[in-house]
Amino acid sequence: MNGVRQRAGRRSRAAVAAALGTVLALVTAACGGGPPPAPKAKDLDALYQEAKAEGEVVWFAPKPEAQMRPAIDAFRKKYPGIKVKYTNKKAPDLVTQLNVEQAADRVSFDVSNAGGLTVLPSQDMAAKVNWADYEVPAGQIFADNFVYVWAVPKVWAYNTDAVAAGDAPASWDDLLDPRWKGGKLTVESRGSFMTVWARDASLGTDAGLTYASRLARLRPHYTENTTQAHTNIVSGQTPVGTDLINLVLEDKAKGAPIAVAPVGPTNANKSYLFVADGAPHPAAGRLLTAFLASKEGQSALVDTYNSIIPTNTDCTDAAKNRVIDALCDAGVEWFSETDIKQYEQFSAFFPKVEDALGTDVN
């Protein structure tokens, strides 16, 4: 079916068994008599002393290490004596691994990311932390135990060698033009690019499902995730498709023929950090998370297109933040999540979108 991939979470029994086998091997190799106690520190200075005694922090996130390296280096400079071990791992795989490890009381990492469909399952896996003790701004604390550290706005992008700027789609309706029929659009099959239809009351979920059905009639090229869709656009395999602005800006800076299409509104897709319940280095995990939420941490993240942005369209800081600047320059409005109920709504909406797109295969 034109590249349709299986929906997230519906893996073959063999793949699931292999994944769990890997996790269980890690668990078996772990040592110790259960998770260490939660830190006693009630401020950053005391937390640093506890973290330095732990000596390291293990961070798993769905980002290339090169993007996180400036922030890691800034953390190590501010807090010497703490080694950062970073692993790039897909968010759904993080949920699976942490679920198994917590059940075995052998958690192997300290800090993880949650966003989109991984927010709800991560709630029960997060350690309970009073983030205000560690100077995390109230506006960045979400659902008590999550900390907002960057946004990953979902956009439509186009290959500038294949499509002139004046011919790029400029609205959701433009994407339904017959000229994009027959695989000329590359679309992430899980339907997460449709999030804004559930977020924006002026659009709405019913209208979104109707739109997805109309989009499916164009027979787009479906990919398993947005990163694959981005690769198709950059390579010219498909001229237009769903993308993440962070990926667009990173490759555009390297000279790739890609640009943001002025299709909006869109969802800014907040990403949160949390310390895993049972983390082997709980103080260091808290310290790293608090640092990444701070002005220093954000300053280190912003140059790699990873930083917080306003919850709703606001171009005030466009000159200081390239993600905001790119959205505003393209004329794309955005919305972000404000409460956990919206994630519950997304969880119910996405399977229906997949059904409308025809990508909900077993």
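Predicted model: local features only at pLDDT ≥ 70, side-chain atom pairs only at ≥ 80, totals over all residues.
1. Sorted by class, the residues of the α2 and α10 contact come to 9 nonpolar and 3 charged, with no polar ones.

2. Next, have a look at helix α3 (residues 65-78) and helix α11 (residues 295-302), whose axes come within 7 Å and cross at roughly 150°. That angle makes α3 roughly antiparallel to α11, since angles over 145 degrees count as such. The crossing of this pair is right-handed.

3. Which residues bring α3 and α11 together? From α3 come M68, P70, A71, A74 and K78, and they meet E296, A300 and L301 of α11. This contact has 6 nonpolar and 2 charged residues, and no polar ones.

4. A further helix pair is α7 (residues 205-216) with α13 (residues 340-357): the axes come within 8 Å, and the crossing angle is roughly 30°. These helices are therefore roughly parallel to each other, and they cross in a right-handed sense.

5. The α7 side of that contact is made by T205, L209, A212, S213, L215 and A216. Facing them in α13 you will find Q345, F349, K352, V353, A356 and L357. Here the classes are 8 nonpolar, 3 polar and 1 charged.

6. How many cavities of 30 Å³ or more does the structure hold? There is 1, and the largest cavity has a volume of about 30 Å³. Its lining consists of K154, V155, W156, W172, F193 and T266. Strand β6 (residues 154-159) gives the most to this lining, with 3 residues. By class, the lining of the largest cavity divides into 4 nonpolar residues, 1 polar and 1 charged.

7. The second largest pocket is worth a visit too, with about 280 Å³ of space in it. In total 13 residues line this pocket, and those nearest its centre are Q298, S307, I308, D317 and N321. The lining of the second largest pocket has 6 nonpolar, 5 polar and 2 charged residues.

8. Two details of the backbone deserve a friendly flag. Is the peptide bond from G264 to P265 cis or trans? The bond is cis, with omega near 0°. You will find P265 in the loop between β10 (258-260) and β11 (266-267).

9. The other backbone detail is D105, which has a positive phi of about 60° although it is not a glycine. To locate D105, follow the chain into the loop between α4 (91-103) and β3 (111-115).

Notes: Residues numbered from 1 in each chain as written. Heavy atoms only, no water. Axes fitted to C-alpha atoms, helices over the stretch in contact; angles between N-to-C directions. Helix = DSSP H or I, 4+ residues; strand = E, 2+ residues; numbered from the N terminus. Parallel < 35°, antiparallel > 145°, perpendicular 65-115°, else oblique. Left-handed = near helix turned anticlockwise from the far one by under 90°. Contact = heavy atoms within 4.5 Å. Nonpolar A, V, L, I, M, F, W, Y, C, P; charged D, E, K, R; others polar. 1 Å grid on protein atoms, 1.4 Å probe; cavity = no way out; pocket = protein on both sides within 12 Å on 5 of 7 lines; lining within 4 Å. Points joined across faces, edges and corners; volume = space filled by probe spheres on them.
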